[in-house]
Amino acid sequence: MAASKPVTAVALIICIAWLGSFASSVSELPKPPAVPARDSAPTGVPGIADGNAIADVKVTSCKLDDNPYFPSVKAQVEIVNSSDDLASYTATVSADAADGSRLGEGAVFSSKLQPGQKTTQEAVVMVNGKPSGNVTCAVVSADRLPF
């Protein structure tokens, strides 16, 4: 038992020395270059929303689902790839009550649409309670990705 205490103390000293050496090495690494701040995302960069994707996405129907256990708004969303390349889409759809208040948002996704290809997806927006009157749905954002 007595022999294990000096071994433990030596191991602890080696660990502390190694940690100090590692910390010193890390502190001497070059700093990354500063990146200028931008007000908006760059355009023309694959995978970055450039404002054109939202034109490819539209709500074709918006209905209140009367399921008493899971009240929701269901929006049918049509996506047409208007680009010249294979593309995937993500889009956010809002559902608003008749008084203009936001009930919530839902998402749709579509992958690998060929140029000119169309798909229909359903966005489901879960709501609290049952809204009265008509509901309206709108596409609030969309991104086109190059895959």
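**Overall architecture and packing of the predicted model**

The accessible surface of the protein chain comes to about 10,100 Å², and carbon and sulfur atoms make up 59% of that area. The model is predicted. Of the 147 residues in the protein chain, 24% count as buried. The secondary structure consists of 1 helix and 6 strands. From the N terminus on, the order of elements is α-β-β-β-β-β-β. Among contacts in the protein chain with a separation of 6 or more, 65% involve residues 24 or more positions apart.

An open sheet of 3 strands has the order 1-2-5, and its pairing is antiparallel. Strand 1 (57–65) and strand 5 are the edge strands, each pairing on one side only. From one strand to the next, the twist averages 20 degrees. Within this sheet, 9 bridges hold strand 2 and strand 5 in antiparallel pairing. Val73 stands opposite Val125 of strand 5.

Strand 3 and strand 4 also run antiparallel, joined by 9 bridges. Thr92 has Ala107 in strand 4 as its bridge partner. Most residues other than glycine have a negative phi. Lys112 lies in strand 4 and counts as exposed, at 55% relative accessibility.

The largest nonpolar core contains 19 residues. Val57, Val73, Val77, Ile79 and Tyr89 touch the most other members of this core. Two or more residues each come from strand 2 (72–80), strand 3 (87–96), strand 4 (102–113), strand 5 (118–126) and strand 6 (136–145). Strand 3 gives the most, with 5 residues. In soluble globular proteins, nonpolar side chains tend to be buried together. Leaving aside neighbours within four places in sequence, the contacts of Val77 include Val57, Val59, Val93, Val108 and Ala123.

Ser72 in strand 2 is buried, with a relative accessible area of 2%. Beyond residues up to four places away in sequence, Ser72 touches Lys63, Leu64 and Asp65, as well as Val124, Val125, Met126 and Val127.

Charged pairs were then considered. Side chains of opposite charge can pair when their charged atoms come close. The count comes to 6 salt bridges. One of them joins Arg144 to Asp56, with the closest N and O atoms 2.9 Å apart. This pair links distant parts of the chain, 88 residues apart: Arg144 is in strand 6, whereas Asp56 is in the loop between helix 1 (4–27) and strand 1. Both Arg144 and Asp56 are buried.

A salt bridge also forms between Lys58 and Glu78, where the closest N and O atoms are 3.8 Å apart. Here too distant parts of the chain are linked, with Lys58 in strand 1 and Glu78 in strand 2, 20 residues apart. Lys58 is partly exposed, at 47% relative accessible area. Glu78 is buried, because its relative accessible area of 16% falls under the 20% limit. Arg102 and Glu105 form a salt bridge with the closest N and O atoms 3.0 Å apart. Arg102 is partly exposed at 46%, and Glu105 is partly exposed at 47%. Salt bridges that share partners join Lys58, Glu78 and Lys118 into one network.

Key. Residues are numbered from 1 along each chain as its sequence is written. This is a predicted model: local features need pLDDT of at least 70, side-chain atom pairs count only at pLDDT 80 or more; totals for chains, interfaces and linings use all residues. Side-chain values use heavy atoms; hydrogens and water are left out. A nonpolar core is a set of buried Ala, Val, Leu, Ile, Met, Phe, Trp, Tyr and Cys residues joined through side-chain atoms within 4.5 Å. Buried means under 20% relative accessible area, exposed over 50%, partly exposed in between (1.4 Å probe, protein chains only). Helices (H or I, at least four residues) and strands (E, at least two) are DSSP runs, numbered from the N terminus. Contact means heavy atoms within 4.5 Å. Two strands pair if DSSP finds at least two bridges between them. Axes are lines fitted to C-alpha atoms, for helices over the stretch in contact, and angles run from 0 to 180 degrees between N-to-C directions. Accessible areas come from the Shrake-Rupley method with a 1.4 Å probe; for residues, only the protein chains shown count as cover. A salt bridge is a side-chain nitrogen of Lys or Arg within 4 Å of a carboxyl oxygen of Asp or Glu.
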